[in-house]
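Here are my notes for someone opening this one for the first time. Have a look at the fold, then read on.

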Amino acid sequence: MTTAADATSPEAGTGSRLDALGRVVELAEGRLAAGELEPARELLARAAERYALSAEHTLVVLGGATGVGKSSLFNALVGIGLSPVAVRRPTTSEPLACVWEAERLEEARPLLDRLGVDQRKQLCRESPLDLGRRTPGQSLAPRDPLAGLVLVDLPDHDSTRLEHRAVVDRAVEFADLLIWVTDPQKYADASWHDDYLKPLSSHGGVTLVVLNQIDKLPAGAGPECMGDLRRLLDLDGLRDVEVLPVSARTGDGLPQLRARLADLVAGRRAAADRLGADVDRIVVGLGPLLGNVSAAEPAPSPTDTGSIVLGPQPADQVSDADRERALAGLRAAAGVASLADAVAARAVARTLPMVSTPLRAVGRIWRGNQARSTPVVGPDAPAAVPVDRGGLDQVLGQFAGAATQRLPEEWGRAVKTRITGSRREVAEQLDHALSQCELSAVDGASAGAGAARLGHAALLLLAALGLVCGLGGAAGALPGFLGPLGAAALVLGALGSVLVDVRARASARARAIKSGQVAAGTLSVELAAVAQDAMFAPAAQELDRYQRALEAFGTVVR
């Protein structure tokens with residue numbers, strides 16, 4: 001099976017353009033509307049099918065209006081009367097095909113089946129009996145210059161029967177060369193120009209217009225008629241299309257038409273040229289959707305892509321300035337600036353009761369306050385504040401706008417949706433990071449609380465023993481020398497606990513401040529990681545994807 005990649009020039013050039021078009025479609029999937037990519041998908045499928053069916057044959061179709069002499073021209077080219085001709089009314093109700101070589105008819109059948117030609121209408125110019133008539137030793141006849149040609153006579157495109165027009169439309173989409181047959185009476189038919197010629201204005205290189213029945217023109221009227229037809233074709237955008245005057249009845253112009261077909265068949269480039277023209281038409285429609293490409297007008301020929309110029313290439317990475325602005329916005333939304341103070345206050349509120357001397361409770365009782373433990377979160381310890389959702393939305397929106405400013409509108413809209421659509425996930429990640437930073441910071445601030453509690457317990461035990469000894473010595477229950485010693489132990493234990501309290505509380509405050517600073521730094525790192533995963537990486541991936549789509553489209557344009 002022959003494929004675009006296997007074929008040689010010009011097929012290789014067309015094949016590389018089709019491969020590049022496939023990459024563009026793949027990269028633009030989900031970024032451009034499915035309907036906008038559908039023509040390219042259809043072309044890729046049609047190209048694969050065309051190369052798979054029969055790359056060795058050149059498929060040429062004869063199309064035209066009622067009574068312009070398509071069937072007569074078909075018979076004249078074939079050299080035998082295969083297609084019925086009527087004087088008063090058209091008789092081509094089904095497509096009729098002629099394959100030039102009998103031994104290659106079976107090879108051409110899949111191509112004709114795809115075109116909708118009934119197998120009863122798939123004929124050969126040379127029959128197997130003709131091949132068998134050669135006597136042994138007789139030299140082979142020269143190869144027909146049109147060998148490899150598959151010529152199809154189509155129904156009239158202006159037929160009142162819809163199925164006839166459907167056959168014509170299908171053939172026009174699939175044929176390698178379009179030969180439009182007209183005559184001096186119908187060459188200005190508006191339906192022909194509007195329905196077929198103008199939509200295929202980029203196919204001038206694979207289109208041939210034949211002005212038939214020139215023998216019916218008055219003497220000297222031929223050039224004027226040809227000039228007017230040329231003018232109309234130029235208005236249709238077919239400036240380079242070739243126009244041949246012929247007469248199927250007298251044979252005038254037929255040698256030139258045969259020579260044109262022979263050249264086409266010998267080069268075996270018609271299929272590639274046709275697909276190349278189809279690619280040109282896709283380029284005109286797809287170019288503006290890629291934003292940095294301008295397609296001013298349809299390409300007049302397969303080798304001229306018109307005014308299609310690749311614009312400036314977008315940066316494939318988000319700028320450092322945009323990244324820094326996004327990070328600054330995330331830090332503001334998460335409250336990083338006030339986090340250090342808030343975490344220090346919470347750490348102090350939790351840690352001070354753990355390192356304070358129990359004698360403070362005696363002081364509160366002395367002041368008439370009910371003894372109670374200091375709460376973990378009190379008026380002097382503000383509760384954790386979740387991420388500002390409104391601020392986060394603004395950050396995501398501004399970053400998405402900056403990251404997609406060089407993308408085409410539709411592609412950029414898809415990227416913006418991806419970035420701003422992660423709002424809930426980003427908010428949850430930031431809330432989690434905030435709570436984890438606060439928890440670890442508060443836990444870190446209370447790291448020395450155990451030693452302080454142990455010191456208070458030992459010193460207050462010493463004070464309690466001193467109190468017992470002092471009271472016992474004063475009451476005579478214990479030896480008298482224990483009284484002064486007990487009093488000294490009481491004072492030493494109480495003062496020691498107070499000193500430990502002062503030192504431990506000061507250390508706890510210092511650790512709380514440091515923990516707040518560490519929490520702010522840790523949160524900044526976490527914010528950078530969240531921004532990288534949810535914002536920077538997706539944006540960079542989309543910019544790189546768009547860059548690769550533009551590069552592939554550059555190959556398509558060429």
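1. Start with strand β1 (residues 58-64), which runs parallel to strand β5 (residues 177-182) and is joined to it by five bridges. Gly63 has Trp180 as its bridge partner in β5. Strands here are DSSP runs of E with at least two residues, helices are runs of H or I with at least four, and both are numbered from the N terminus. Two strands pair if DSSP finds at least two bridges between them.

2. A word on the source: this is a predicted model, where local features need pLDDT of at least 70, side-chain atom pairs count only at pLDDT 80 or more, and totals for chains, interfaces and linings use all residues. Residues are numbered from 1 along each chain as its sequence is written, and side-chain values use heavy atoms, leaving out hydrogens and water.

3. Now the whole sheet: it's open, with seven strands in the order β3-β2-β4-β1-β5-β6-β7 and mixed pairing. β3 (122-124) and β7 are the edge strands, each pairing on one side only.

4. β1 also runs parallel to β4, again with five bridges, and Thr58 stands opposite Leu149 in β4. β2 and β4, by contrast, pair in the antiparallel sense over four bridges, with Ala97 opposite Val152 in β4.

5. Which way do the β4 residues point? Leu149, Leu151 and Asp153 go one way, Val150 and Val152 the other, and all are buried (under 20% relative accessible area with a 1.4 Å probe, protein chains only; over 50% is exposed, in between is partly exposed). In a regular strand, side chains alternate between the two faces of the sheet.
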